[in-house]
Amino acid sequence: MQTHNLGYPRIGSQRELKKASEQYWSGKIPVQQLLQTGSTIRQQNWQIQKNAGIDLIPCNDFSFYDQVLDTSLMVGAIPGRYQSLLHEKKLSEIDLLFAMARGYQKDDYDVTAMEMTKWFDTNYHYLVPEFVVNQKFTLYSTKVFNEFLEAKEYGINAKPVLLGPVSYLLLGKEKEAGFHRISLIENLLPVYLEILNKLVEAGVNYIQFDEPCLSLNLNKLEQEAISTTYQEISNRFPDLHIILASYFECYGQNLQTVLNLPVETLHLDLVRCPAKLDDILQTDFVQSKNKLSLGLVDGRNIWKNDFQQSLSIINKAIEKIGAERIWIAPSCSLIHSPCDLDLETNDTVLTPEIKQWLSFAKQKIDEVVILKQLAIGENPTMANLKFNENKIANESRRTSLLIHNEKVKERVVSITEKDAQRKNDFSIRKTKQHEVLQLPIFPTTTIGSFPQTAEVRTWRAKFKKGELSQEQYDALIAKETTEAIKWQEEIGLDVLVHGEFERNDMVEYFGEQLDGFTFSKNGWVQSYGSRCVKPPIIYGDVSRPLPMTVKWTSYAQSLTKKWVKGMLTGPVTILQWSFVRNDQPRSETCTQIALAIRDEVVDLEKEGIKIIQIDEPAIREGLPLRDENWQEYLRWAVRAFRISASGVKNDTQIHTHMCYSEFNDIIQNIADMDADVITIECSRSQMDLLDAFAKFKYPNEIGPGVYDIHSPRVPSKDEMITLMEKAKGVLPSENLWVNPDCGLKTRGWDETKLALIEMVNAAKALRLSQQ
């Protein structure tokens with residue numbers, strides 16, 4: 001029996017990668033220092049896993065931005081617009097990677113970033129590969145070899161991790177008509193074979209191919225591509241031990257294809273799909289010599305493993321195929337987990353009672369090793385001690401008085417259909433809202449947050465440490481809010497926002513004010529690039545003891561005669577972007593959150609706030625990976641949003657915001673949410689995402705983002721007009737808003753001001769063209 005890990009967090013336990021990357025981007029450190037930070041993080045990660053006793057430690061799981069983007073560089077799939085940066089500007093590999101991820105706007109070059117979207121049903125974002133007819137692939141980046149040799153020099157004979165070629169293609173997009181990207185496997189596979197050959201020559205014995213697309217409903221052509229790909233790899237490298245990893249779901253209809261593959265070890269995510277093991281143990285796999293990797297430790301949540309339950313699964317597998325054919329692992333890569341629970345030393349932030357229920361990446365590695373020891377009787381004294389500690393901690397959680405609130409449960413049970421419906425349909429509400437709001441055609445707004453400067457973050461840190469009083473802190477936030485309102489008025493925005501300077505994160509801020517939530521001090525996980533989030537931990541029933549946003553929204557509204565939007569995070573997004581309790585259905589937890597947000601919406605309306613935005617960027621993210629399971633999720637997710645939004649009058653305008661999602665297949669469900677205005681990301685996709693809304697004849701108002709906030713480049717007025725003209729070509733002008741594609745918290749003020757001035761001027765030009 002062996003232990004292995006699919007991947008380890010790459011941000012560093014103190015977010016060293018984030019800090020070094022942002023310093024490099026701003027020109028404060030040389031590239032050598034950035035690269036050294038990456039090397040230090042990798043070596044620390046390898047040492048942690050080695051110390052824990054992991055048998056097969058991964059390499060190439062580190063990235064300076066994103067593993068899919070790394071793969072594009074590895075196979076030379078560099079879109080044409082970057083070729084001048086590569087050949088004329090002669091950017092280094094690391095700078096080319098950042099240009100593809102963030103755009104490049106200097107030295108007379110102005111190149112847009114690649115499209116970004118969600119990694120399956122997680123809050124991690126990847127850069128979408130771009131493919132053209134007869135796309136050529138060639139080995140460009142040698143990162144995978146470099147990191148294997150680095151590990152070897154460090155004393156680790158590591159297991160390289162590669163995104164499988166079929167999943168890589170399926171995660172991309174065709175940028176020309178007339179072909180399907182899966183047909184490119186014939187061009188791509190020779191490059192993968194070249195890579196494998198170099199790895200074998202370097203001394204690689206084991207290699208992990210991640211094919212997460214096997215968790216989707218693949219068609220026959222895609223299944224055939226999987227079969228031919230791994231048959232060719234096996235033919236060329238018969239002595240290479242191939243580990244095939246898929247996660248986040250069952251293999252489903254792909255199971256027989258997978259079982260027929262010539263791979264030595266098959267990884268199963270038994271957290272998300274416990275039934276997968278029984279399915280396989282009922283097949284001819286039992287008579288083979290191949291191995292099963294049992295993904296028993298949850299790589300996506302922070303609850304301590306239940307050793308007793310996991311051991312029963314391991315023993316079932318041992319009984320059928322023997323211990324020597326079993327590996328123990330986390331369910332998926334641990335990039336979705338915080339780094340180390342040992343860093344949580346402040347009992348006032350995370351109480352000892354709750355902390356004993358938790359496990360972060362470093363602890364999950366220990367759990368994998370302990371499960372192996374318990375299963376085979378290795379190191380019995382220590383393993384049994386750990387088993388008893390685990391049993392006590394899990395029993396403590398099951399019986400804790402912290403978890404349940406009967407009033408909350410009763411309120412959920414008493415919800416009626418009326419609670420999930422606005423008073424009238426959109427056509428009536430629209431008339432009422434236009435009478436009250438009196439906005440121009442192509443109204444301009446932002447998505448909510450403004451740049452959070454180092455100064456603003458310092459105020460919050462000092463306030464939390466007690467170095468600023470409540471009065472001092474409030475005075476600073478009031479000053480920043482006043483300046484933001486004044487500036488928005490000056491440039492001519494139509495609907496203003498207060499800027500959210502008091503907020504740390506769009507989910508954490510609300511979790512801090514809701515019962516049933518707790519927090520870590522250092523529980524950061526990567527969202528994209530240098531962007532890290534610290535998800536709240538939902539441990540119990542959720543309720544809202546006091547108003548959460550009324551104070552600062554009302555203050556901002558008092559400063560202006562223009563409308564100020566109330567800014568809230570929706571129930572599905574709060575659920576998706578938290579670590580959620582696993583002792584009740586997610587739908588029930590989501591409904592509890594929806595009721596809390598509903599209370600806040602009603603209070604904002606009472607204070608005269610007539611436009612309220614309830615952000616739901618994660619609603620598509622929560623979709624089950626197999627479409628046969630979609631409708632049940634969409635039923636309760638849409639209902640939760642409607643519960644949160646339906647307590648107001650017809651003339652109160654409800655907005656929602658979604659970003660980096662595909663909408664074609666859930667457009668009816670988005671319409672069912674019945675928001676008066678929806679804002680979406682459209683700039684990176686060049687308005688392609690609007691096609692779904694146009695074909696559906698989406699009846700409500702929509703703001704297609706014209707300004708990519710995830711890139712530091714400043715778009716021109718003409719660029720934004722061009723995008724809006726595309727939008728006008730598919731949707732009625734009277735239904736269109738003009739806005740960025742997401743919040744501006746992570747941007748700098750200089751670029752933000754320039755971009756928003758251009759955006760307002762674009763809207764003015766559009767209005768003139770309508771006259």
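1. A residue is called buried when its relative accessible area is under 20%, and in this predicted model both R429 and D676 are buried by that rule. These two residues form a salt bridge whose closest N and O atoms are 2.9 Å apart. The pair links distant parts of the chain, since R429 sits in helix α17 whereas D676 belongs to the loop between α25 (667–673) and β24, 247 residues apart.

2. The open sheet has six strands in the order β15-β20-β22-β23-β24-β25, and their pairing is parallel. Its edge strands, each of which pairs on one side only, are β15 (495–496) and β25 (701–704). Helix α17 (residues 426–437) packs on this sheet, where it touches β20 (563–569), β22 (611–615), β23 (653–658) and β25, and the direction of α17 makes about 70° with that of β25. Helix α23 (residues 586–606) also packs on the sheet, touching β20, β22 and β23, with a direction that makes about 170° with that of β20.

3. The whole structure holds 43 salt bridges, and one of them joins R713 to D110, with 2.6 Å between the closest N and O atoms. Because R713 lies in the loop between β25 and α27 (717–728) while D110 lies in strand β4 (residues 109–111), the pair ties together parts that are 603 residues apart in sequence. R713 counts as buried, at 9% relative accessibility, whereas D110 is partly exposed at 44%.

4. D541 and R581 also meet through their side chains in a salt bridge (2.8 Å, N to O), and both residues are buried. Elsewhere, salt bridges that share partners join R42, D70, K143, E147 and E150 into one network.

Conventions:
Residues are numbered from 1 along each chain as its sequence is written. This is a predicted model: local features need pLDDT of at least 70, side-chain atom pairs count only at pLDDT 80 or more; totals for chains, interfaces and linings use all residues. Side-chain values use heavy atoms; hydrogens and water are left out. Two strands pair if DSSP finds at least two bridges between them. Helices (H or I, at least four residues) and strands (E, at least two) are DSSP runs, numbered from the N terminus. Contact means heavy atoms within 4.5 Å. Axes are lines fitted to C-alpha atoms, for helices over the stretch in contact, and angles run from 0 to 180 degrees between N-to-C directions. A salt bridge is a side-chain nitrogen of Lys or Arg within 4 Å of a carboxyl oxygen of Asp or Glu. Buried means under 20% relative accessible area, exposed over 50%, partly exposed in between (1.4 Å probe, protein chains only).
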